[in-house]
Number of protein chains: 2
Amino acid sequence: MSDRIVGILGGMGPAATADLYSEIIRLTPALVDQDHLRVLIYSNPKIPDRTHAILHGGEDPVPELVASARLLERAGAGILAIPCNNAHCFLPQIQQAVAIPILNMIEETCRILRSCEPRVSKAGLLAASGTVDSRIYENIFALGDIQVLVPTRDEQVRIHAAIQDVKRGSREPAVAEVFHSAGAALMARGAESVVLGCTEIPLVFDPARAGYAALNPTRALAAAAVEWALGTRS
Amino acid sequence: MSDRIVGILGGMGPAATADLYSEIIRLTPALVDQDHLRVLIYSNPKIPDRTHAILHGGEDPVPELVASARLLERAGAGILAIPCNNAHCFLPQIQQAVAIPILNMIEETCRILRSCEPRVSKAGLLAASGTVDSRIYENIFALGDIQVLVPTRDEQVRIHAAIQDVKRGSREPAVAEVFHSAGAALMARGAESVVLGCTEIPLVFDPARAGYAALNPTRALAAAAVEWALGTRS
């Protein structure tokens, strides 16, 4: 399995891609360099804004997503991971353009939730507005009999703005607090778990300050990539 | 310049490569994803141990280094950065195998030291034993009229072991303290600056605890890559 190359189609944004890469390193059992996995990352931040395309008919990100996926496939990647929840709305088009499989971060997250005891039937979603409006989490979680609770319209505006702040490089406690309190509001409304459904959110989310544990899809994606590379997933 | 792709030949080790990538992100002026640079990273931790090859005639890392450089070139990288000081001993052989230029992290570090006021004439070196014994820092710094002070034999054994600890994932203060005190010993012997000449060291080195500022070649390499991608270097 040591020749397997994990491909990461990233740059949406770059810091979230660095976070996925770090999670993969952390989840790989290794005593020396050579125990680690081959990973090929194309951080392509020039991919047009996903939320803008979904909500406002902005430039289509698919051509650049497809070109990036093909670059990774040609270079030898055996699987693709895409550390951007919003980009998963375009997964069918990307998958159609390459022969290698693409891990689905949202399905991986659902898989983890379904293995929880006690069973989770309602999950709260903190995500970019394009992800929320696309209903991609609702559609995939419905297959696992998990209902998705989304923030109120006002809260969603604040969450999306805070995500842009993280993309700008902010790591301020006030920005993290937007996510902490929005998640708490979802729990007060009956969510049994909160999903950090934008890969920028784990960069600032602090469970100790939030007062509750949240599910991190970036970590679920990293775990799936490591299992694939080590051949430990059936 | 927005089509320029920075290639990173990494995995030696992976956490050091993640650190270079994070430094590039941090040094790029960006308000939104699309302001960031295209970066292609091949993290190939299967490259044989560099120090083992230099000191003990271990497996030659050149074939795997060359194959990785060629993969990045074929995939579209316009320049290469290699976040491993030790691997720089093999730079001529890698450069011979590709048409794109390779940034030299040690020359970039020397360039920064030469711009210091007051002038630095003696620099202390904390590095893996292969880097120290190869005298690559001495040879490059000599061109900039900077003398290199290396640790005593006993200190060097401790430094090399601490580097292996970092590669194993340790972030313990006791490991960092090996670097802090070895650097302090070099300053006591007349070094005006200490160079963190192994890319694992900045992962744990803490200037506040060490009590002195040290020069970080990973950051020098990141700055050079950003300048190349933005077209701001003459």
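**Entry 1: strands across the interface**

Two strands pair if DSSP finds at least two bridges between them. Strands here are DSSP E runs of at least two residues and helices are H or I runs of at least four residues, both numbered from the N terminus. With that in hand, I looked up β2(A) and found that it pairs with strand β2 (residues 38–43) of chain B in the antiparallel sense, over 5 bridges. I then checked Ile41(A), and it stands opposite Ile41(B) in β2(B).

**Entry 2: ground rules**

I'm working with a predicted model, where local features need pLDDT of at least 70, side-chain atom pairs count only at pLDDT 80 or more, and totals for chains, interfaces and linings use all residues. Residues are numbered from 1 along each chain as its sequence is written, chains are lettered from A and ligands numbered from 1 in the order in which they are written, and side-chain values use heavy atoms, with hydrogens and water left out.

**Entry 3: how the two chains relate**

Next I asked how the copies are placed. Two copies of a chain are related by a rotation about an axis and a shift along it.

**Entry 4: the interface in numbers**

I counted contact (heavy atoms within 4.5 Å). It takes 37 residues from chain A and 37 residues from chain B. The chains bury about 3100 Å² between them, 52% of it on carbon and sulfur atoms. Buried area is the accessible area (1.4 Å probe) that two parts lose on being put together, summed over both.

I also noted 23 residue pairs in polar contact across the interface, both residues at pLDDT 80 or more. A polar contact is a pair of N or O atoms within 3.5 Å; within protein, one must be able to donate a hydrogen and the other to accept it, and residues adjacent in sequence count only if both atoms are side-chain atoms.

On the side of chain A that touches chain B, the elements giving two or more residues are α1 (14–27), β2 (38–43) and α3 (62–75) of chain A. α1(A) gives the largest share, 7 residues. I sorted that side into 19 nonpolar, 9 polar and 9 charged residues. Ala, Val, Leu, Ile, Met, Phe, Trp, Tyr, Cys and Pro count as nonpolar, Asp, Glu, Lys and Arg as charged, and the others, Gly among them, as polar.

**Entry 5: salt bridges**

My rule was a side-chain nitrogen of Lys or Arg within 4 Å of a carboxyl oxygen of Asp or Glu. It gives 26 salt bridges over all chains, and 6 across the interface of chain A and chain B. One of them joins Glu64(A) and Arg38(B), at 2.9 Å from N to O. I also found Glu64(B) with Arg38(A), at 3.0 Å from N to O. That pair crosses from helix α3 (residues 62–75) of chain B to strand β2 of chain A.

Most residues other than glycine have a negative phi, and most peptide bonds are trans. I found a cis peptide bond between Glu117(A) and Pro118(A), with omega about -5°. Pro118(A) sits in the loop between α5 (105–114) and β4 (122–126) of chain A. In chain B, the bond from Glu117(B) to Pro118(B) is cis too, with omega near -5°. Arg135(A), not a glycine, has a positive phi of about 60°. I located Arg135(A) in the loop between α6 (129–134) and α7 (136–142) of chain A.
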